[in-house]
Structures are given as C-alpha cells and as structure tokens.
Amino acid sequence: MNAQTAFMETDFTQMLVSNVESAADANQRALTNTVISPRFYTTDFKAMDKLDVSSVRQEWDLMMQEYEGDNNHDHFQRDAEFAQEVKTLMSKLDENLKQEFYDFLISSLTSEFSGCILYNEVRKNVSNPDIKKLMTYMARDESRHAGFLNSSLKDFNFGIDLGELKKSKSYTFFRPKFIFYATYLSEKIGYARYITIFRQLERHPDKRFHPIFRWFERWCNDEFRHGESFALIMRANPKLLQGVNVWWIRFFLVAVYATMYVRDHTRPALHDAMGFKSTEYDFEVFRITSEISRQVFPIILDIDHPQFKASLDKLTALSMAMSIAKAQGGLLNILKKGVFALSAVLEFGKLYFIPVIQSKLPSQVRLQPTW
Ligand SMILES: [Fe+2]
Ligand SMILES: [Fe+2]
C-alpha cells in the first residue's frame, strides 16, 4: 500500500465518539485505526540497511554523542508530588474534559509506541552500524515515553496491554522514503505540540490540570533529536528532496497537518482547560513545525493563505458530520456518509493545491530546540 492509498482507504466514518470507561475501552481505542488515530508501520528493511550518511558524517557523529550521553536517562520517573497532584487536580475536572484527556493519553501512547516498534524492528533487521545504533537509541527513548504515558493511564485503571497491541494492531507498509517524510514530521510536530503546551502552562501554572505536563520540556527534546536524525538521513540522500519527491513531501505535509487539525478539534475542552483554543494551538504548532522543517524540506505550506484554514475547517466539519451519520445508522446515513467522504477527498485536493512557499536548504542541517 502506498501513502496515498493508505490515506484514501481509511474509513473516514470510524471517528471515535464513545466514552472510555474501562481498560477494555481504552485498549479498543488504541487498537482501532481511524483517519485521525496514530498507526503502526513496517518498511523495507533491506533498503534501510543500504542508507549512507557519510556526506553528513560530522553532524551525524555529534548527534550520536548526544544520544550516547542520554541526558534524559533519569527524567521519566515520577516525583513525590505526582500521585497527590493527580488526585487533587483531576477530581475537579468535569467528565467531558476527563474523556478528552484520556483520548489525548491513549493517542499519544499509541503514537510513542508506534515509533518504538518501528525503530526496534529496523534495529533488528539491519546490520548497517549507523542505522542500527540510531534505531537502538530512538527505540530506547520511545519506550520510556510510552511507558510513562501508560503509567498515567494505569492511574485511572486504563492501562494499555502493549504486548497485545503490538500483536493485534494492523501495520501499514511504507517505503523508506515515506517513513522518512512521515516520521520526520511526526517527531517535529511532536516536539512543537509538547513545547507549545509546556510554554503555555509555564505562563499559566493554574491551568496545569495534570502533573504529566511538567515532564514535557525535557521529553520533547528527545522528539526534536529524533527529527534531527531523519533530517540528516534525508539531507545525506538529496534525491529524496528533489523532483517528484517534492510532490510527495507536499502530500505528507498536507496529510499530517490536516489530520492533526481535525483530531485536535475533537478535543476543544482539553485546549480550553489549558487556556487556548484548538485552532490557535494548532496554528502555533504549524508555525513552529514549518520553521523547523526548512532544515530539510524545499517547500513549506502557506498556512496564512485564507483557503488553508477554510479547508481545514471544512474537513473538520465533514469528519464530524460523518461520525454523526455513522452513529445514527440506517440507509440514508450510509448514503450521506458516502457524500461526506467524497467531499472530504475533494476538500483535501483543494488544500493540496494551495500554492506552496519555496525554501532554500541551509548548508548546516542541525538545529537546536530553542522554542
Ligand atoms: Fe517519543
Ligand atoms: Fe520520537
């Protein structure tokens, strides 16, 4: 399956509307693939094994030293106040906000664990020492991240059975270049999302309704570094950033941004509790990600183009209409869903063809997480 068909074949109607009330519900949510939920990936390991990073050797070696230094080795442990904060803060929240927060924890965990599985599989299936070493470090980090999120789910008795999830969730095959575009973006967006939340709650500590947000600053530096690794791999293989591949990069940018926007607009109460609107939060994340991605992508999306937000809002409305039609059931709603799905594909096309901004690649690839 290629990237485009993976997106097009997704059931737009499988939006999640039911509440999480038990561990079984939480596990089911992690397992279900929807257009807006994180997926698991597999790839061509032989092609991964042939990657050559010698043209960026100096920057690569410095990055590997950072991984070896492992400055977050002691970070993912709870402090003495954690349990008490969960109790006092969460008891004040209304059910709607709690549900959005559980959804946030489950989708974040699925996404972290997805990285963990992919990086581990690549590690096991390659002998190329550069790639093997990199994947070992990244799998180490993602496993800590997933474990830390899972311990917060366990506080509510919603722990995810990671062994079962690994076995039962379906895997999407992506060629290595699609893995690079998608994973680079998801790592950098992950950084931008976590740092935006951290900075907001740093300014408004009264809005920090769960202690896990205190961990986000050092946490997102791991994600930033993971993104740097894929940036170096792509810059070492410039063909990935030229010709027809620029159309693929554009596709991934649009798909990843749109997915995030639609998903975040299913969680208005979560953003409201942190003191921002979902739209405002997402545009800040887009801005940071676009700024960072100039290190590797020759184009960035014109997020200030009036059609950009208009199309994202239309896609959000269509997803919601589809989930309502699905929940109501019946023949008429099946037809309605089909019409909405087609409109969503057309709207995605409009988004895709908004003129992009050309960007000149800098000679030095590496960036520091200074946002
Ligand atoms: Fe992570
Ligand atoms: Fe990561």
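How close do the axes of helix α14 (residues 306-328) and helix α15 (residues 331-352) come, and at what angle do they cross? Keep in mind as you look that this is a predicted model. The two axes come within 9 Å, and the crossing angle is roughly 165 degrees. Angles over 145 degrees count as roughly antiparallel, so that is the label for α14 and α15. The crossing of α14 and α15 is also left-handed. On the α14 side, the contact is made by Q307, F308, S311, K314, L315, L318, A321, M322, A325, K326 and Q328. On the α15 side, the residues include F340, A341, A344, F348 and L351. Sort the residues of this contact by type and you get eleven nonpolar, five polar and six charged.

Now for another pair of helices. Helix α2 (residues 23-31) and α6 have axes that come within 9 Å and cross at roughly 50 degrees. That angle makes α2 and α6 oblique to each other, and their crossing is right-handed. Here A26, R29 and A30 of α2 meet Y102, I106, L109 and T110 of α6. This contact is made up of five nonpolar residues, one polar and one charged. A bit of helix geometry is handy here: an α-helix has 3.6 residues a turn, so residues three or four places apart point the same way.

One of those contact residues, L109, deserves a stop of its own. L109 sits in helix α6 (residues 95-125). Is L109 buried or exposed? Having 20 or more C-beta neighbours within 10 Å is what counts as buried, and L109 has 26, so buried it is. Leaving aside residues up to four places away in sequence, L109 touches A30, A146, L149, N150, L153 and I160.

Next, take helix α9 (residues 176-203), with its 28 residues. From first C-alpha to last, α9 reaches 40 Å, close to the 40 Å expected at 1.5 Å a residue. Of its 28 residues, 23 are buried, so α9 is largely enclosed by the rest of the structure.

Step off the end of α4 and you land on D70, whose phi is positive, near 45 degrees. What is there to notice about that? Most residues other than glycine have a negative phi. D70 has its positive phi although it is not a glycine. D70 lies in the loop between α4 and α5 (82-90). With 13 C-beta neighbours inside 10 Å, D70 counts as partly exposed.

Our last stop is N157, where phi is near 65 degrees, again a positive value in a residue other than glycine. You'll find N157 in the loop between α7 (129-155) and α8 (162-168).

Note on methods:
Residues numbered from 1 in each chain as written. Chains lettered and ligands numbered in written order. Predicted model: local features only at pLDDT ≥ 70, side-chain atom pairs only at ≥ 80, totals over all residues. Helix = DSSP H or I, 4+ residues; strand = E, 2+ residues; numbered from the N terminus. Axes fitted to C-alpha atoms, helices over the stretch in contact; angles between N-to-C directions. Parallel < 35°, antiparallel > 145°, perpendicular 65-115°, else oblique. Left-handed = near helix turned anticlockwise from the far one by under 90°. Contact = placed C-beta atoms within 7 Å. Nonpolar A, V, L, I, M, F, W, Y, C, P; charged D, E, K, R; others polar. Buried ≥ 20, exposed ≤ 12 C-beta atoms within 10 Å, placed from the backbone. Expected span 1.5 Å × (residues − 1).
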